[in-house]
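Here's a quick tour for anyone opening this structure for the first time. Have a look around, then read on.

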Amino acid sequence: MLDWKTNSSLAAGKGATVQQFVAILGDDRLEAEIAPWGEGHLRINGRDIARIDDAKNRRQAFREIKKIAERYAETHMTKNSSLTLPAVKAKLLEGKKGLIVGIANENSIAWGCAKAFRAFGAEVAVTYLNDKAKKYVEPLARALEAPIMLPLDVNEPGQMEAVFERISKEWGKLDFVVHSIAFSPKDALQGRVVDVSRDGFAKTMDVSCWTFIRMAHLAEPLMRKGGSLFTMSYYGSQMVVKNYNIMGVAKAALECAVRYIAAELGPKGIRVHAISPGPLATRAASGIPEFDALLDKAKAKAPSRSLVSIDDVGVATAFLAHDAARLITGETLYIDGGYHIID
Ligand SMILES: NC(=O)c1ccc[n+]([C@@H]2O[C@H](COP(=O)([O-])OP(=O)(O)OC[C@H]3O[C@@H](n4cnc5c(N)ncnc54)[C@H](O)[C@@H]3O)[C@@H](O)[C@H]2O)c1
């Protein structure tokens, strides 16, 4: 809530023609000018932002202007806070170094994970898909103070290897990897599973499943003292979720790969998990038709009656990277407000 104060340098009170109110939000100065005949102006840092001229009276004009200002304050807060790391007292992951793959923008699940790992004191290396994506990822990498930021398109031969080589040279070890990428060609994703082409199937499985297997392979020699590997899955791997289609098949394979790799690398102290978040409005999700309906259903049905955020996913994943979770492996952990237990 903004705290509005009467501007003492202007006439105020019932008799005054125009009243001015001021609220301060961070570095911004918001000014509301309200006239008794129902006209109102909102100015932010001297710039005209909104005007109301059809209110019944002064009171209604002020109410409308306040509403617009509150909306501004809300977006302003989210805009600025999206680059802020969560406040965490204990640096439980101090000394750990990890790779986060899959940050496209500040809505990405990978960004939620990166923020949480960093807030707990870990150092993170990040990748970006290509030059077009770089400008969105760069400010986020800066906020994370990431010492390594490299391009990674898993379809480009040699790029995955180059990322791990650079990590090996710079850090000589790796404690965790977050694999948070998936892809399916539109006609494969949006069609029936029974109709999927060989090429659509292969591309979906390749990017969404095999790349995790390969990253585990490349990480293994760097995790000499153990470590943890994470990949993002979804409930559509277990149940038929409308419109999830071939991606459900890929996620089922991914969760299965997690179990096999957990068994194979467990003796070396490397733990492997699939994280299964509830639906989140990200860029990848925008490729799924009727996604809003999925969000509404998740909110209505989940025991928590709330949608999850990327920060919820991030802190839960970071917890699993902590030594306290050393005997937990091979899991598919649902971060979905309990949605998956309800019929
Ligand atoms: N959003 C959801 O509702 C939801 C729910 C459960 C699981 N997931 C999973 O979470 C993961 C992250 O997705 P998100 O929702 O954060 O969306 P997002 O669009 O922010 O992230 C997807 C990432 O995949 C990357 N990617 C795609 N093709 C690539 C390639 N060839 N090489 C390298 N990177 C590539 C993109 O660059 C992007 O960074 C995906 O595995 C997704 O299936 C998402």
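## Where the ligand sits

First, a word on terms: a molecule sits in a pocket if more than half of its atoms lie within 2 Å of the pocket's grid points. Keep in mind that this is a predicted model. By that rule, the ligand here is found in the largest pocket.

## Who surrounds it

There are 27 residues around the ligand, and those that come nearest are Ser-108, Ile-109, Ser-233, Leu-280 and Thr-282. What is this shell made of? It splits into 17 nonpolar residues, seven polar ones and three charged ones.

## Polar contacts and burial

Leu-280 turns up again here: one of its polar backbone atoms is 2.8 Å from an oxygen atom of the ligand. Lys-251 uses its side chain instead, with a polar atom 2.8 Å from a ligand oxygen. Over at Val-154, a polar backbone atom is 2.9 Å from a nitrogen atom of the ligand. And how much of the ligand does the protein bury? Taken alone, the ligand exposes 810 Å², and the protein buries 92% of that.

## Salt bridges

Side chains of opposite charge can pair when their charged atoms come close. Searching the whole structure turns up 15 salt bridges. One of them joins the side chains of Asp-311 and Lys-115, at 3.0 Å from N to O. This pair links distant parts of the chain, 196 residues apart: Asp-311 belongs to helix H9 (residues 310–321) and Lys-115 to helix H2 (residues 109–119).

Conventions. Residues are numbered from 1 along each chain as its sequence is written. This is a predicted model: local features need pLDDT of at least 70, side-chain atom pairs count only at pLDDT 80 or more; totals for chains, interfaces and linings use all residues. Side-chain values use heavy atoms; hydrogens and water are left out. A residue is near a molecule or strand if one of its heavy atoms lies within 4 Å of it. A polar contact is a pair of N or O atoms within 3.5 Å; within protein, one must be able to donate a hydrogen and the other to accept it, and residues adjacent in sequence count only if both atoms are side-chain atoms. Accessible areas come from the Shrake-Rupley method with a 1.4 Å probe; for residues, only the protein chains shown count as cover. On a 1 Å grid over the protein atoms alone, a cavity is a set of points where a 1.4 Å probe fits but cannot get out, and a pocket is an open set with protein on both sides within 12 Å along at least five of seven lines; lining residues have an atom within 4 Å of a point. Ala, Val, Leu, Ile, Met, Phe, Trp, Tyr, Cys and Pro count as nonpolar, Asp, Glu, Lys and Arg as charged, and the others, Gly among them, as polar. A salt bridge is a side-chain nitrogen of Lys or Arg within 4 Å of a carboxyl oxygen of Asp or Glu. Helices (H or I, at least four residues) and strands (E, at least two) are DSSP runs, numbered from the N terminus.
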